[in-house]
Amino acid sequence: MEAARTLETAIEQVSLQAAEEAQLVAELQVGSEEAFTYVLERYRNPIYSLVAQILVTEADAADVLQNIFVKVFRGIGQFHGQSTLKTWLYRIAVREALNFRRGWFRRHFHEPFSIDDEPAQPAAKLAKAPPESGPYETLEQSERQQLVKSALDALPRPYRAVLVLREMEEMPYDEIADMLGVPEGTVKSRLMRGRELLRRKLAGMLGR
Amino acid sequence: MFESCSQIRERFSEYVDGVGSRQAVLSIRYHLRHCGACEAEFERYELMRGDLRALPRPKPSPLANLRLNVALSQAQNSNVLGALRLRFENVLRPLLLPATGAVLAGLICFGVTLECLIVPPARVDASTITTPARIEILVPLDFNTGIDGVVLDTHVNADGQVVDYKVLSGTPSPELKPQLDRLMYFSVFRPATRLGQPTDGELVLSLRRITVRGRGSAAHDHDSGSPGSSDPAERSSI
């Protein structure tokens, strides 16, 4: 009885979310600036994070982020609600990231950055570390994350995209397959191969 | 189901995602319970996944956010006319203040220079605009004008002809009138002018005949207050 009530509540919440999303999409399609600002504020950071993990370089991620939201702005009229808005946005983001090719100028030009933007990584980690963890643990954690990140960045882009979507975004296989435009079996095999490659790279780096 | 360690390890990916068949899951779980090496390998596998999930999520920099907003703004004005107008405004707006200053400075310089360059209009004297009627050629006087002479007030029209005259002083005589008529007829007058155009005017003539003895000839003097013509035999003034 309790489980049925919980299920009923969950269904109500889902339908409420769907109705809200339908209204949001309708407002987007009539060109509501307020609705677009809401979408931008809500999805900018997660999409940037996803794209930056797939593309490795954050400067490229900033370029791709622009392309993604310009495409969303221009193509919202073609969204007919076959998937959720989030899935549609992520599909555009993943495809843009996978199709991104750096031009000659971008390959040879490095954007200047200010030393005031971010402090050095380990020092920043120490500064932001929770008080219960010691500096040694924090430093070790930071170095470990850097190794994992460099191992992830060294993977071929299709494997990296699948790993990011599955492990970091925690998306199901069918949504990943939908976003990448490949069968679920391909997602499964890429995931297995990607994890194995990453494990070997990390074993080499960490000596485990 | 009895599988080798390598076969079991190949299935870790499906196992952790929970997408394998129930039989496969049970087989892996059984194997891990009895194989220490595979169990340690599985722990490293889980640790790797934990590390992946713990990776920091990068956020766009303020510059990237700014560029995104600019790109979206350009996309909003993506029609050709709108884009051209926006580009035109963006080019012109920074120049607006300097250009206005330059125009104002130019106007001020022009005004100052113009004031220095302009020649003030010459003050035209009314006397140079208007010239009185004059006599050009006076025929010789062959009649007696008396000692005081004859003073005439003549009216000279725009064609230089005397249309009327009045004797102001002098000795009247019956012979004088035709003599004066003949004098007016044969003399040449220059009409008065106003602003360069001939016009009617008044001319006062003072006629006096002077006779010089010993030479056997007479001299006429005509005087109008200005130097007149002179002749060794006759002198007349207007």
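Author: A residue is buried if 20 or more other C-beta atoms lie within 10 Å of its own, and exposed if 12 or fewer do. In this predicted model, 18% of the 238 residues of chain B count as buried.

Reader: How is Asp200(B) classed, buried, exposed or partly exposed?

Author: Residues with counts between those two limits are partly exposed. Asp200(B) has 14 other C-beta atoms within 10 Å, so Asp200(B) is partly exposed.

Reader: Where in the secondary structure of chain B is Asp200(B) found?

Author: Chain B comprises eight helices and nine strands. Asp200(B) is located in the loop that joins β7 (197-199) to β8 (201-212).

Reader: Which residues does Asp200(B) touch, leaving aside those up to four places away in sequence?

Author: With that exclusion, Asp200(B) touches His155(B), Asn157(B), Ala158(B) and Ala192(B). For chain B as a whole, 52% of the contacts between residues at least 6 apart in sequence join residues at least 24 apart.

Reader: In what order do the strands of the open sheet containing β7 of chain B lie?

Author: The order is β1-β6-β7, three strands with antiparallel pairing. Strands β1 (130-131) and β7 of chain B each have a single partner strand and stand at the edges, so one side of each lacks a neighbour in the sheet.

Reader: How many bridges pair β6 with β7 in chain B?

Author: Strand β6(B), residues 192-194, pairs with β7(B) over three bridges in the antiparallel sense.

Terms used: Residues are numbered from 1 along each chain as its sequence is written. Chains are lettered from A and ligands numbered from 1 in the order in which they are written. This is a predicted model: local features need pLDDT of at least 70, side-chain atom pairs count only at pLDDT 80 or more; totals for chains, interfaces and linings use all residues. Helices (H or I, at least four residues) and strands (E, at least two) are DSSP runs, numbered from the N terminus. Two residues are in contact if their C-beta atoms, placed from the backbone, lie within 7 Å. Two strands pair if DSSP finds at least two bridges between them.
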